[in-house]
Amino acid sequence: MSSSPGPSHPHEDLLAHLTRTSPLGPREAARVVAEVLAYFSETTEEYVRRRHGELQARGLTNERIFARLAEELPARRVAAPELSARQLRRIVYG
């Protein structure tokens with residue numbers, strides 16, 4: 001069984017770069033890339049719901065949570081549109 005991801009991997013150049021410039025082996029690098037891609041493939045709604053839950057679990061109030069989400073969203077890899085606190089609230093609560 002080969003430890004390399006194979007020539008058909010869609011991110012072969014990135015995997016080669018990671019294995020060359022970090023202590024990661026080919027399988028670890030492939031797993032890291034898959035995790036990062038999954039993280040950034042979240043829709044805006046999925047991201048808002050997930051982060052709301054995380055921040056709420058830390059004890060933040062909705063007012064602080066929605067302000068923080070409004071600051072975080074433009075920094076996403078594919079920037080989300082600017083959303084008001086009301087729009088964010090509707091994503092979380094429907």
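Predicted model: local features only at pLDDT ≥ 70, side-chain atom pairs only at ≥ 80, totals over all residues.
Local features need pLDDT of at least 70 and side-chain atom pairs count only at pLDDT 80 or more, while totals for chains, interfaces and linings use all residues. Residues are numbered from 1 along each chain as its sequence is written, and side-chain values use heavy atoms, with hydrogens and water left out.

**Helix 2.** Select residues 26-40, which form helix 2 (helices are DSSP runs of H or I, at least four residues, numbered from the N terminus). Now pick out Ala 29, Ala 30 and Val 33, which are buried (under 20% relative accessible area, with a 1.4 Å probe and protein chains only; exposed is over 50%). They cover an arc of only 100° around the axis, so they lie on the same side of helix 2 (the arc is that of the directions from the helix axis to the C-beta atoms).

**Helix 3.** Next, select residues 44-57 for helix 3. Here Tyr 47, Val 48, Arg 51, His 52 and Leu 55 are buried. Their arc around the axis is only 130°, which puts them on the same side of helix 3.

**Last stop.** Just after helix 3, click Gly 59, which takes a positive phi of about 95°.

Notes:
Helix = DSSP H or I, 4+ residues; strand = E, 2+ residues; numbered from the N terminus. Expected span 1.5 Å × (residues − 1). Axes fitted to C-alpha atoms, helices over the stretch in contact; angles between N-to-C directions.
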